[in-house]
Amino acid sequence: MTQLTKNFSLEELAFTDKKKYQQKNLEIVTRKHRVNLTLLAHLLQPIRDLVKRPVVVTSGYRYYWLNRAVRGAKHSQHRYAEAVDFVVRGDHGPEQLERVFLNIKDERVFDINLISQCIIETRSGKKGDWQWIHLAMITDRFRKSKKYRFEGPQFLWTINGRDYQIWE
Ligand SMILES: [Zn+2]
């Protein structure tokens, strides 16, 4: 294991539950995206310190084929090791993750100038609802990318991954 901050390792930030892609994903990220992963770990650490509970990465870096397999957006920041999806362990219902989201949104708690997007994502299934937070950071690549016209961090929510609403 390669520890990047007190609570986050390189391996966690390259995690995927798609077994077929795990090894390749880790190889590529280690070679190409070490700096970004370290930055992501430093974004997550203050959140971990704040909630005082395990922050579990459900999806971090995704190389091309993994991103395809999970039907990620074509230019998803996950592909560049600029985004991470996480949940907070210790199930206190949806309010818990919402509270974390609001903390990230709060300039007094979190340096929002580091992030491009923070999205609270909810999906519904037979076993009920599940939620996670997508947190993406600003990098030079992101700034230069023509795809984005960046006007400050966006705080959004979605219940289907297609329609995104601005969190008021
Ligand atoms: Zn995501």
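**How do you know?**

Modeller: Let's start with Arg71, which counts as exposed with 8 C-beta neighbours inside 10 Å. Keep in mind that this is a predicted model.

Biologist: Is Lys52 buried or exposed, and how do you know?

Modeller: Lys52 has 8 other C-beta atoms within 10 Å. With 12 or fewer counting as exposed, Lys52 is therefore exposed.

Biologist: And why is Thr5 called partly exposed?

Modeller: Buried needs 20 or more neighbours, and exposed means 12 or fewer. Thr5 has 16 C-beta neighbours inside 10 Å, so it falls in between and counts as partly exposed. Thr5 lies in the segment before α1. Leaving out residues up to four places away in sequence, it touches Ala41, His42 and Gln45.

Biologist: How much of the chain counts as buried?

Modeller: 27% of the 168 residues.

Biologist: What makes the chain as compact as a globular protein of its length?

Modeller: First, the layout: the chain has six helices and six strands, in the pattern α-α-α-β-α-β-α-β-β-α-β-β along the sequence. Its radius of gyration is 15 Å, close to the 15 Å that the globule rule gives for 168 residues, so the chain is as compact as a globular protein of that length. Along the principal axes, its C-alpha trace spans about 40 × 35 × 35 Å.

Biologist: Which residues have the most contacts inside the largest nonpolar core?

Modeller: Leu13, Leu37, Leu40, Val84, Ile133 and Leu135, in a core of 31 residues. Several elements supply at least two core residues each, among them α3 (34–51), α5 (94–105) and β2 (83–88). The largest share, five residues, comes from β4.

Biologist: What does Leu40 touch?

Modeller: Not counting residues up to four places away in sequence, Leu40 touches Leu13, Gly60, Ala81, Val84 and Met137.

Biologist: How do you know that β3 and β4 pair?

Modeller: Pairing takes at least two bridges. Ten bridges join β3 to β4, so they pair, and they run antiparallel. Arg123 stands opposite Trp130 in β4, and Thr122 stands opposite Gln131 there. A hairpin through two residues joins β3 to β4.

Biologist: What about β5 and β6: how many bridges do they have?

Modeller: Two bridges join β5 to β6. The cut-off is at least two, so these antiparallel strands count as a pair. Leu156 stands opposite Ile166 in β6. Their hairpin has six residues between the strands, and Gly161 in it takes a positive phi near 80 degrees.

Biologist: Why is the pairing of the whole sheet called mixed?

Modeller: Strands of a sheet can pair either parallel or antiparallel. Here β3 and β5 run parallel, joined by five bridges, while β2 and β4 pair in the antiparallel sense over four. The six strands form an open sheet in the order β1-β2-β4-β3-β5-β6, with mixed pairing.

Biologist: What makes β1 and β6 edge strands?

Modeller: Each of them pairs on one side only.

Biologist: Last one: how does the length of helix α2 compare with the expected value?

Modeller: Helix α2 (residues 19–32) has 14 residues and reaches 21 Å from its first C-alpha to its last, close to the 20 Å expected at 1.5 Å a residue. The helix also bends by about 25 degrees at Asn25.

Terms used
Residues are numbered from 1 along each chain as its sequence is written. This is a predicted model: local features need pLDDT of at least 70, side-chain atom pairs count only at pLDDT 80 or more; totals for chains, interfaces and linings use all residues. A nonpolar core is a set of buried Ala, Val, Leu, Ile, Met, Phe, Trp, Tyr and Cys residues joined through C-beta atoms within 7 Å. Two residues are in contact if their C-beta atoms, placed from the backbone, lie within 7 Å. The expected span of a helix is 1.5 Å times one less than its number of residues. The bend at a residue is the angle between axes fitted to the seven residues ending there and the seven starting there. The radius of gyration is taken over C-alpha atoms; the globule rule is 2.2 Å times the number of residues to the power 0.38.
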